[in-house]
Amino acid sequence: LLSAEYATPFTPQHSFQEPHPTEYFPLDEFCRALKLFPNLTLKFVSQLSLVTSGDYKVVEGVERNELGFSGYLVGPSQSRVPQQFWKERLRKPDKNGKTPPESGNPVSAKFVPIKDIAGPRSKFLTSLIDAAVATGNFTVFENPVVEVVLEHKWRTYARSKFLRNLWLDILMVVLITVDVLTYASDVSIDDIIYDTISNYVIPSTIGILWLYFAKAEVYQLYKADSLKDYFKDIWNVGDFLSLTPIAAGYGFRYSGLEFYSTTAFSFALPLTYLNALYYMQGFREPGKLVRMIIRIIANIRYFLIVLTVCMFGFAFAFFTLYKTAEAEKEATGTPVYGLESLFKSLFPPFFMMLGTFDPNEFEASLSPTATLILFVFFMLVMNVVMMNLLIAIMGDTFDQIQEYAMAEYLFCRASIILEFEIALSEKDKSNEEWFPTWLQVLVPTLDYERKEWDGRLRNLKRSIESMNDNVKKSTGEEVKMLKEDISSLQEKLEASEKLRAKEEKLRAKEMKQMKQMLNQLLKRGQRDQRS
């Protein structure tokens, strides 16, 4: 299925009259391949192309505002290449029966050469997202076929549901903010309408909205394979963390526990606002930024572990120097913050990193000199080394993500579409406009050629990088083998030298023995002559 012989004919020049190779693919097996062989299959998907239709090549009459976020105008159809599809769809006569004059941008008519890729039982989008997450390769979402699928799903049903949830979430955030701030204030207005709105209308509306969003989360949890799979999505974690303190806050309020209610709402407000960033992913520029923030946070997680370990060490060291009763106050009598408990001692190092410290407090320690030396060492390690390392990591991550910011944004949009698609009923999935057998596409001719070349250049760049990696790897292996051969040869030479030295030593010993024997024979002969 994924061999090179199938990858070669994926060009826009492929004739629509002959079945495209991808039309023979069982879609279920293709989705299974995305799960079993994600790297290989994603490489295959990135080579897919739209196929030019045969009824006409260029059509006039598509205004720029009719094109979607990807620059495509997508239309569903139940037949593979319906004749006069776009002329009937776009050039409809007016009330007087007159066809409006053609004007606008030149476009090319194409279609997606995979049957049921957007069908009601298709798992293509789910499998593609899982494979991209597993491999960390999101560039596949810039493929024209994938963009067309996303454009169709977004335009037909996802956009309206997304905007509805966006406005409901904004309403919920505003009402919670107003309710918490007015309830916590000392405003007293003897007005029946005001009391009714503040005590009944606003909390009831918030409760209804809370149930609406909680129901969606429960349904997602039900559809997930496991609890771990559900919390794998950071936005599901955000939904849980924002909805839980809201429910706890109102529960404590109506139980008369004002302290716990206020504490719960103090956590609910920032978490609710942060969770609202989810809806920024539906818009291009904010979506790129939000995705970049998430990736940067994910990439510095190990750095944060190292930073926390270092902070714990310095915090305990400072706590040890201030822990005696005599060291609990400065010369002015003001308690030194962080000495009340071991837990509070973890916060002064964090304040020091932000530049909030008083050198006069060092005099209240057991050893001001030791405290000063420890403080200097702390500033060098934390503010100089660790903070510059953090900046370097974030800068490197930013450069990596910026190159593929559009792909990251499209991945976010695909995740949003999938979230709404999971919640659709069987009746909605039977809608042929939403879930057609084939997808017809109109693309601006010049834009498509530019995007196609951009995709080819990006693929060429990745191929060159892959070839460089392979060359480096093979060269490294050859150098390693050469070093091993040289090392083996050196060992043999050393063994040969040792053997030669041993032979020469033995030969010298034998020569010495022979010389001694000859001398003895010579002396014996001389004695015999004398006798």
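Modeller: Before we start, contact here means heavy atoms within 4.5 Å. Keep in mind that this is a predicted model.

Biologist: Okay, which helices do the buried residues of α14 pack against?
Modeller: First, the buried residues themselves: T371, L374, F375, F378 and M379 are among them. An α-helix has 3.6 residues a turn, so residues three or four places apart point the same way. The buried residues of α14 pack against α11 (284–299), α12 (301–322), α13 (348–353) and α15 (405–422).

Biologist: How far apart are the end C-alpha atoms of helix α14?
Modeller: Helix α14 runs over residues 368–403, which is 36 residues. At 1.5 Å a residue it should span 52 Å. The model agrees with that, since the end C-alpha atoms are 51 Å apart.

Biologist: Where is the kink in α14 centred?
Modeller: The kink in α14 is about 25 degrees.

Biologist: Now for the rings: how do F30 and F44 pair up?
Modeller: Theirs is one of 25 aromatic pairs in the structure. The ring centres are 5.8 Å apart. Planes over 60 degrees apart count as edge-to-face. These planes sit at 65 degrees, so the pair is edge-to-face.

Biologist: And what parts does that pair tie together?
Modeller: Both F30 and F44 are buried. The pair ties together parts 14 residues apart in sequence, because F30 lies in helix α2 and F44 in helix α3.

Biologist: Which charged residue sits over the ring of W154?
Modeller: W154 belongs to a cluster of linked ring pairs, along with F162, W235, Y278, Y279 and F283. A charged end sits 3.9 Å from the centre of the W154 ring, and it belongs to R413.

Conventions:
Residues numbered from 1 in each chain as written. Predicted model: local features only at pLDDT ≥ 70, side-chain atom pairs only at ≥ 80, totals over all residues. Heavy atoms only, no water. Phe/Tyr/Trp six-rings, centres within 6.5 Å; stacked < 30°, edge-to-face > 60°. Helix = DSSP H or I, 4+ residues; strand = E, 2+ residues; numbered from the N terminus. Buried < 20%, exposed > 50% of the residue type's maximum accessible area, 1.4 Å probe, protein only. Lys NZ or Arg CZ within 6 Å of the ring centre and 35° of its normal. Expected span 1.5 Å × (residues − 1). Bend = angle between axes of the 7 residues up to and from the residue.
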